[in-house]
Each structure stands twice: as structure tokens, then as C-alpha cells.
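I opened my notebook and worked through this structure one stop at a time. My entries follow.

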Amino acid sequence: MTKPLVVFDRVEKRFADFVAVKPTSFEIGAGEFLAIMGPSGCGKTTTLRMLAGLEAPTAGEIRFEGRVMNDVKPHERDTPMVWQSLALFPFLNARENVEFGLKMRGVAAPVRRQRALEWLDRLGIGQFAERNVAKLSGGQRQRVALARSLVTEPKILLLDEPLSALDAHLVIRMQSVLTKLQKELGITFVYVTHSQSEAFAMADRVIIMAQGEIAQIGRAKDIYRSPENKFVAEFVGRNNIFEGKIVSVASEIAKVETPLGQFTVTRPGQGKVGDPLSFVVAADLVQISTDRPAADNVVECQIISEQFMGTTVTLFLEAPGGYELKVQIGQRELEQVDFKCSSRLFASWPTARAHVFGRENDRCVSGRARP
């Protein structure tokens, strides 16, 4: 286990009577790409600002390489930030923007010029070194902002919604640039975003925040396939959430009574008859057919709408009682069978594809987690 670079130890942030971040603990490993995501107002940006020194914790400790940073001023920290607005100086050209941090550190003009040009070349925009940043494209300005933050060779880089202002095709390109750069440099990245696709595509681990605390922390695949609570299941991906109570238990299989009927799940630990139980089935793990299948769990339903997403299509189905189910299938599969022509469809899934997260976990949890 590598020694953590950053430790949040029961860190809390209050603004008067409002609790922006509840007591929260987690660790960030050296060389890790950590993404923090969640809905607006969840506390993710406040968490990043505390790490940058722009906000002081109300309680708890933030430690960087073992040093308590609570009262260390932003300019005394080696924690540069790439802002959503980029915050480039419009009266300077690209090279001069990159040189700025080195100039503030007293680096000699010839040296800082050379290092700035090297970083602009590294990010593929060396030919624009003398161009005013106002005349650069959005993607080019983004690279200038990255070069300005990285030219000082920090151990950690903070990024606050850095791609939110870019066009969709540029976002994909910059994701590749950031991921490759982070792996080559071995610098720790802490990346705040609203975008699930950005976080899941780039980060080694992801923190999901809600109402000022951690709802789940882990690898993207684990969070997507095994959400720990109802909030994460609703926030991440296209999930179908079922709530009910256990009506029978046989070996490792439990039968659960829900408003949509009875379904089977893998027995949740010591769950017993009468216990409340919630489980989730991801939309891409649900199958649909025009004939009733010989499956463990089947729901009769009808298509009410669909969402085309290129190679995949999300079908929104209505089950008895007005309950909605979501199914994600490939475009080719949809073309082979015109499901819309059928007045009746069957959604089904094997028992093993249901993930149980029990009602005792329908809350956010903060916990110390190592990479």
C-alpha cells in the first residue's frame, strides 16, 4: 500500500449555519487520478477549494505529505488549479501566460521562456506560443491553461470543471490529452466534474458526493455495477430500482415482494423473511422479448418512448401500475426486431444480475478509502 499524498481527516466546512461539507475522510494516493462528482451543491467544489487553500476547513485536518495544510495560504501550496473559466491573462500571449507562475517564483527570464516553450510543444501548441490567447480556439486555450499549471512541475494538479465550456468533440480529445499526460507525468490529478462520462473515462477512482458527504468512493466499474445506496443507483447510469421485503429464503436465494411482483435476488448476507430490501438492475443487463421467456424474473410491459444514443438505444417501458423500466440495447438489435409493433413485451433478467444494496445503506457514507 503506497503512502497517501493527501489525507482528508474528518474535514468539515460550514458557512454560517449551512453545512457545505459534513465531516469527511478519504485519502488520495501519489500518482492517482481522482474524480469528484455529484449534483450541484453537493460539496465537490468546496472540497476542491479547501485542498487548494481557497477555503479553510471549519473542522478536521487536511494533510499533504503528512503536513497539516489548514492554515497554509494558497500561494504557499504546490497545488495549482485549472479553472472552468481557465483564468488566462487576455493581455498576454500563450508563452507569457505559461511563464507567469515561473516569473512569480523568481525564475530567470531565459529559463522560464525555455520551459514555457517546452510545455507548449508538449501539449501540441508550440506554434501558437506568440499568439494572444484571445485569438486561440477553446481547445488551444485549454492547453495553455494546462501548460501554465504544469510548468512548475507540481506533485498535484486540481481541475475544476475544466472541459465544461468545450464543444463535445473537443471534450473527447481533451480527455485523451489529460489521461495520457497524467500517466506520463505521474502527477496526482484531482478532477471535479458534473459529467459521469468524463469521470468514468479518465479517473482511477471516483468519489460520488451528495448533500455534503461521500455517497460512494471506488473504481468507476465498481460504482456503476455495484452502487452502495439508492442515491448512487439513481445518479449513475440507467438503473432500475426495486424496493420491497423478503418473503422467503432458500439456500442463497431470496424472494422479494415488490409493487411490480415477486423477484429473486442473491441472498443479502443475513437477510431474513420480513426484512426490507432494495435492489437495482442496470438497464443494459435487462433483456426484452415479444414472447414470455423462461427467466428468473419477468415483467410484462409496453414501450412508451426511446432515446437514441448512436450505437445504443434506451427504451422506456411502462409496467403494470405505471411503473417505469429502462432497457438499454444495441441499435442493431432494435433494427432486427421492431419492438414498437408489439402491443406486449417482456423484460427479464437473471437473479445474479440484481445488485442488492439494502435499505440500511440508503444513505451517504464518509469513510477512509485508499487507492
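Predicted model: local features only at pLDDT ≥ 70, side-chain atom pairs only at ≥ 80, totals over all residues.

**Entry 1: a loop residue**

I looked up threonine 79 and noted its contacts beyond four places in sequence: Leu51, Ala52, Ile156 and Leu158. Next I asked where threonine 79 lies. I found threonine 79 in the loop between β5 (67–68) and β6 (81–82). Is threonine 79 buried or exposed? Its relative accessible area is 10%. Buried means under 20%, so I wrote down threonine 79 as buried.

**Entry 2: helix α1**

Two of those contacts, Leu51 and Ala52, took me to α1, where I found both on the list of buried residues. Helix α1 covers residues 44–52. How many of the nine residues of α1 are buried? I read off seven, so α1 is largely enclosed by the rest of the structure. The buried ones are Lys44, Thr46, Thr47, Leu48, Met50, Leu51 and Ala52. I then checked what comes just after α1. There, glycine 53 takes a positive phi of about 90°.

I stayed in α1 for methionine 50. Its relative accessible area is 0%, so methionine 50 is buried. Which residues does methionine 50 touch, leaving aside neighbours within four places in sequence? I listed Phe8, Val11, Glu12, Lys13, Val21, Glu55, Pro57, Ile62 and Arg77. I followed up on phenylalanine 8. Methionine 50 and phenylalanine 8 are 42 residues apart in sequence. In space they are 9.9 Å apart, C-alpha to C-alpha.

**Entry 3: α2 against α4**

I moved on to pairs of helices. Two packed helices are described by the angle between their axes and the distance between the axes. I took helix α2 (residues 94–104) and helix α4 (residues 138–150). Their axes come within 7 Å and cross at roughly 25°. Angles under 35 degrees count as roughly parallel, so I noted α2 as roughly parallel to α4. The crossing is right-handed. Ala94, Asn97 and Val98 in α2 meet Val144, Ala147 and Arg148 in α4. I sorted these contact residues by class: four are nonpolar, one is polar and one is charged.

An α-helix has 3.6 residues a turn, so residues three or four places apart point the same way.

**Entry 4: α2 against α3**

I kept α2 and turned to helix α3 (residues 109–122). The axes of α2 and α3 come within 9 Å and cross at roughly 125°. I therefore put α2 and α3 down as oblique to each other. This crossing is right-handed. On the α2 side I found Ala94, Arg95, Val98, Glu99, Leu102 and Lys103. On the α3 side I found Arg112, Arg113, Arg115, Ala116, Leu117 and Leu120. By class, this contact has six nonpolar, no polar and six charged residues.

**Entry 5: the cores**

Last, I looked up the nonpolar cores. Which residues of the largest core touch the most other members? I found Val144, Phe200 and Val206, in a core of 50 residues. Helix α5 (residues 168–185) gives the most to this core, with six residues. Apart from this core lies another, of 27 residues, with Val21, Met69, Ile156 and Val192 among them.

I went back to valine 144 to list its contacts, not counting residues up to four places away in sequence. They are Leu88, Ala94, Asn97, Val98, Leu120, Ile125, Val133 and Leu136.

Technical notes
Residues numbered from 1 in each chain as written. Heavy atoms only, no water. Axes fitted to C-alpha atoms, helices over the stretch in contact; angles between N-to-C directions. Helix = DSSP H or I, 4+ residues; strand = E, 2+ residues; numbered from the N terminus. Parallel < 35°, antiparallel > 145°, perpendicular 65-115°, else oblique. Left-handed = near helix turned anticlockwise from the far one by under 90°. Contact = heavy atoms within 4.5 Å. Nonpolar A, V, L, I, M, F, W, Y, C, P; charged D, E, K, R; others polar. Core = buried A, V, L, I, M, F, W, Y, C linked by side-chain atoms within 4.5 Å. Buried < 20%, exposed > 50% of the residue type's maximum accessible area, 1.4 Å probe, protein only.
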